[in-house]
Amino acid sequence: MISYLKGKVIAKNKDTVTLDVQGVGYKVFLTERNLDKIESGQELEVFCFLDARERALELYGFLKKKELELFKELKGISGVGSKVALKISALGSLEDIKEDIENKNTQAFEQIKGVGKKRAQKIILELTGKIEEESQAKSVNEKNVQALVNLGFSKKRSKETLKEVSADNDEEKVKKALEKLGK
């Protein structure tokens, strides 16, 4: 799988660039925002997603890993294909999209070709769930760290130990971390 490319931009189109990587030209789809930053002839590094479908292989490129992760999250929503995910990811960072979601702003999504009001609402609903899951996972982890810090262990050591242990729930995880820290 192709996950990263570095080469010279030999052509730039409306929604793609052709990247020469050691004599091989790769057509890479990019967001408008990223295309505006790129000039023909410049060296370019892109993090890629290879979309392998029945009739086509397409590369989608991003200048930052965070952009790629957002694209993958969007692509994971049923009914959202690569081109729509690319256009939505062009709306901004996850924080920008989070803000739109919190404000129930479907207009930005609806302006994307292929995304109507119902699909925009579905995307927002699914992204809201994923964002909440992420924030809960972070806060649970922070609660575990804080529990160990309250018992006298350093924050750094607590985090490292919690990463090393696995358990079904928070209570077990903290107990296992305590056992490990006690050695």
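Which residue in strand 3 does Leu-19 stand opposite? I looked it up: Leu-19 stands opposite Tyr-26.

**Ground rules**

I am working on a predicted model, where local features need pLDDT of at least 70 and side-chain atom pairs count only at pLDDT 80 or more, while totals for chains, interfaces and linings use all residues. Residues are numbered from 1 along each chain as its sequence is written, and side-chain values use heavy atoms, with hydrogens and water left out.

**Strands and hairpins**

I took helices (H or I, at least four residues) and strands (E, at least two) as DSSP runs, numbered from the N terminus. I call two strands paired if DSSP finds at least two bridges between them.

I began with strand 1 (residues 4-12) and strand 2 (residues 16-21). They pair in the antiparallel sense over four bridges. I checked Ala-11 and found Thr-18 in strand 2 as its bridge partner. Three residues lie between strand 1 and strand 2 in their hairpin.

I moved on to strand 3 (residues 24-29). Strand 2 and strand 3 run antiparallel and are joined by six bridges. Their hairpin has two residues between the strands, and Gln-22 takes a positive phi near 50° there.

**Salt bridges**

I counted a salt bridge when a side-chain nitrogen of Lys or Arg is within 4 Å of a carboxyl oxygen of Asp or Glu. The count comes to six. For burial I used relative accessible area: buried is under 20%, exposed over 50%, partly exposed in between (1.4 Å probe, protein chains only).

Which residues are linked with Arg-53 in a network of salt bridges? I found Asp-51, Glu-58 and Lys-83 in that network with Arg-53. I noted the distances for two of the links. Asp-51 and Arg-53 meet at 3.4 Å, N to O. Glu-58 and Arg-53 have their closest N and O atoms 2.7 Å apart. Then I checked the accessibilities. Asp-51 is buried at 8%, and Glu-58 is buried at 12%. Arg-53 is partly exposed at 44%.

I also looked at Glu-142 and Lys-159. Their salt bridge has its closest N and O atoms 3.9 Å apart. Glu-142 lies in helix 6 (residues 117-150) and Lys-159 in helix 7 (residues 155-164), so the pair ties together parts 17 residues apart in sequence. Both ends are partly exposed: Glu-142 at 36%, Lys-159 at 34%.

**Nonpolar cores**

I defined a nonpolar core as a set of buried Ala, Val, Leu, Ile, Met, Phe, Trp, Tyr and Cys residues joined through side-chain atoms within 4.5 Å. The largest one has 22 residues. Which of its residues touch the most other members? I got Tyr-60, Phe-71, Leu-74, Ile-88, Phe-109, Val-115 and Ile-123. The elements that give two or more residues to this core are strand 5 (57-62), helix 2 (65-75), helix 3 and helix 6. Apart from this core lies another, of 13 residues, among them Leu-5, Val-28, Leu-30 and Leu-59.

I listed the contacts of Val-115, taking contact as heavy atoms within 4.5 Å. Leaving aside neighbours within four places in sequence, Val-115 is in contact with Val-84, Phe-109, Glu-110, Ala-120 and Ile-123.

Is helix 3 (residues 82-89) mostly covered or mostly uncovered? I found it mostly covered, with six of its eight residues buried. The buried residues are Ser-82, Val-84, Ala-85, Leu-86, Ile-88 and Ser-89.

**Aromatic pairs**

I paired rings of Phe, Tyr and Trp (its six-membered ring) if their centres lie within 6.5 Å; planes under 30 degrees apart count as stacked, over 60 as edge-to-face, and the rest as tilted. The count comes to five pairs.

I looked at Tyr-4 and Phe-47. This pair is tilted, with 5.7 Å centre to centre and 55° between the planes. Tyr-4 is in strand 1 and Phe-47 in strand 4 (residues 43-52), 43 residues apart. Tyr-4 is partly exposed at 35%, and Phe-47 is partly exposed at 23%.

I then took Phe-29 and Tyr-60. Their ring centres are 5.1 Å apart and their planes at 20°, so the pair is stacked. Phe-29 is in strand 3 and Tyr-60 in strand 5, 31 residues apart. Both are buried. I also found Phe-29 and Tyr-60 in one aromatic cluster with Phe-49, Phe-62 and Phe-71.
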